[in-house]
Amino acid sequence: MLQLDGTGPRYQQIYRAFRSEILTRTLRPGERVPSTRVLANLLKVSRNTAVMAYEQLLAEGFLETRIGAAGTVVAPVLPSDSLYFSYSESLGRQQHTVRTNARLAGAGERMLKAARAVSSSLELPSLSWELTPSRIPYDFRPGRAAFADVPYALWCRLLGSRARRASMRDLDYGPPAGRWELREAIGARLRRLRGIDVGPERILIVNGTQQALDLISRILLNPDDRVLIEEPHYTGARCAFMSVGAELVRCAVDDNGIQIPKASTGKRPVRLAYVTPSHQFPTGVVLPIARRLELLDWASRTGAFIVEDDYDSEYRYDGPPLQALAGLDAEGRVIYVGTFSKILFPALRLGYLVLPKALVEPFAAAKATGDTGTAALEQLALADFISTGQFDRHLRRTNISNAARRRALVEAVRKEFGERAEVCGANAGLHLLVWLKGRSGGMIKDAHGKAEKAGVGLYTVDSFYLKPPKRTGVVLGYAPLREREIREGIHRLAAALT
Ligand SMILES: Cc1ncc(COP(=O)(O)O)c(C=O)c1O
């Protein structure tokens, strides 16, 4: 008698019961099985259920039909007993105990090592941080969007409308570089607001900045190539460069942004420099025009590329957005990276690259090889969002609400920390840095636990350095919090740090 396990649809229970009987050789190769009618009667199931179970067993080769009198039989040609028994023993358990094929290639090892190092320095559970809902009510994690401000109803309408009228072309594989409509809309904005003279042909749509950084690393860097990185810096960039085995060259950031190195003499040349000129991550300082020109001149003399990560510069609180570094680039040395993660929300996974002409084809080829292109309907809905002027309206609104959050944060820091704190980089973006005076790096170590107990997510600046600084600072992201949550969070933080 067949033993049914009682879980899921009946036909699958019957299928599993037969499979187990065959694998354990209770049913022998070539042995006849009952007809579907008899089986249905025996098991008190419908004939159709029995037919569905047999169809699956036949399709997978456990059973065969014989023309003539024999009917349906267990497949007569089966692998050796030992193979069968080893499979039947592990059946249904799938514990993946065999480790031999977990040997990773060099690239896999490097990627894992870099990602683990970054998540441990941020004191986050290994690599799962974006999947665990925050249990912390006052979480100042930098890099998060103003979720409460997202125009969900409008977004649903635009997406729904694109989905409803999607043509066959919209549903087919799209161009790997991204939909023309979106690239045109982005180009028009960049020309109008950021001073970049670019059309759709040099724009490539990616799944956020992180994919852009990964493509840049894989296309332009060989193992041991030297990469200039701001110190402190965005850890997502560090991961991408380390994954391809690049040598990271730290470049200090002062009150005017990255200190431009002398053109290297003697040493191997730097292949590329990664910078956040409009709102340095995480210090928030702005790279002034003199340094921008110096940086371009350095790139021109060394032959290096510059990666301009322009992640949150649309949020500026004391004037219009700054012109991009890419707009000053006459030689084609700047690779500009933009994202919609901050203006809309990170789960959208939409960003773009503005590429020098010579890099357009290799990047499109890499994008095609990696994922054949980004999801099309979201691209089209976003193109509508931008070209109908809704995007600019949304940005004006969120600039106001984020400015209010920022004001609440700066006031709260001044009130709770007074002279002990120095606020840095508050006039743009969605986070700021607070240097804490008279505290050494070590003193803050146990503060994470204390802050967490008080319900506050604390992110110290040392995790954004390769070589931790002597000074102590905390990076405070404020966009997802309400003003009263910001005030309460800072009050609790000050108490936890005293
Ligand atoms: C410096 C910097 N660049 C880029 C991003 C955004 O990355 P993505 O577009 O992959 O969401 C962040 C997010 O925190 C960031 O801080």
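# Close-up views of a predicted model

**View 1. Arg406, a buried charge without a salt bridge.** Arg406 is found in helix 14. This is a predicted model. Arg406 is buried, yet it has no salt bridge. Asp318 is the nearest side chain of opposite charge, 5.8 Å away. A salt bridge needs the nitrogen and oxygen within 4 Å. Leaving out residues up to four places away in sequence, Arg406 touches Tyr317, Ala426, Asn427 and Tyr478.

**View 2. The largest nonpolar core.** This core has 78 residues. Leu476 and Ile490 have the most contacts inside it. Helix 14, residues 390-417, gives the most to this core, with nine residues. Domain 2 (109-130 + 151-388) and domain 3 (394-496) both give residues, so the core lies between them. A second, separate core has 28 residues, including Ala177, Leu221, Val227 and Ile229.

**View 3. The contacts of Leu476.** Neighbours within four places in sequence are left aside here. Among the contacts of Leu476 are Leu409, Val413 and Leu430. Phe140, His431 and Leu432 also touch Leu476. Val434, Ile490 and Leu493 complete the list.

**View 4. Helix 13, residues 376-387.** Nine of the twelve residues of helix 13 are buried, so the helix is largely enclosed by the rest of the structure. Among the buried residues are Ala376, Gln379, Asp384 and Phe385. The buried residues pack against helix 6, helix 7, helix 8, strand 4 and helix 14. At 1.5 Å a residue, helix 13 should span 16 Å. Its end C-alpha atoms are 16 Å apart, which agrees. Just after helix 13, Gly389 takes a positive phi of about 85°.

**View 5. Buried salt bridges.** The whole structure holds 23 salt bridges. Arg179 pairs with Asp170 in one of them, with the closest N and O atoms 3.0 Å apart. Arg179 counts as buried because its relative accessibility is 4%. Asp170 is also buried, at 9%. Arg189 and Asp392 meet in another salt bridge, 2.8 Å from N to O. Arg189 lies in helix 8 and Asp392 in helix 14, so the pair ties together parts 203 residues apart in sequence. Arg189 is buried at 8% relative accessibility. Asp392 is buried too, with a relative accessible area of 17%.

View 6. Glu488 and Arg492 form a salt bridge, their closest N and O atoms 2.8 Å apart. Both lie in helix 17, residues 483-497, four residues apart. That is about one turn of the helix. Residues three or four places apart in an α-helix point the same way, because there are 3.6 residues a turn. Glu488 is partly exposed at 29% relative accessibility. Arg492 is partly exposed at 30%. Elsewhere, salt bridges that share partners join Arg189, Arg192, Glu314 and Asp392 into one network.

View 7. Most peptide bonds are trans, and most residues other than glycine have a negative phi. A cis peptide bond joins Glu231 and Pro232, with omega about 5°. Pro232 sits in the loop between strand 5 and helix 10. A cis bond also joins Phe281 and Pro282, with omega about 5°. Pro282 sits in the loop between strand 8 and helix 11. Arg25 has a positive phi, near 65°. Arg25 is in the loop between helix 1 and helix 2, and it is buried at 10% relative accessibility. Arg349 has a positive phi near 50°. Arg349 lies in the loop between strand 10 and strand 11, and it is partly exposed at 33%.

Terms used
Residues are numbered from 1 along each chain as its sequence is written. This is a predicted model: local features need pLDDT of at least 70, side-chain atom pairs count only at pLDDT 80 or more; totals for chains, interfaces and linings use all residues. Side-chain values use heavy atoms; hydrogens and water are left out. Helices (H or I, at least four residues) and strands (E, at least two) are DSSP runs, numbered from the N terminus. Buried means under 20% relative accessible area, exposed over 50%, partly exposed in between (1.4 Å probe, protein chains only). A nonpolar core is a set of buried Ala, Val, Leu, Ile, Met, Phe, Trp, Tyr and Cys residues joined through side-chain atoms within 4.5 Å. Domain bounds come from an automatic or database domain assignment. Contact means heavy atoms within 4.5 Å. Lys and Arg count as positive and Asp and Glu as negative; His and the chain ends are not counted. The expected span of a helix is 1.5 Å times one less than its number of residues.
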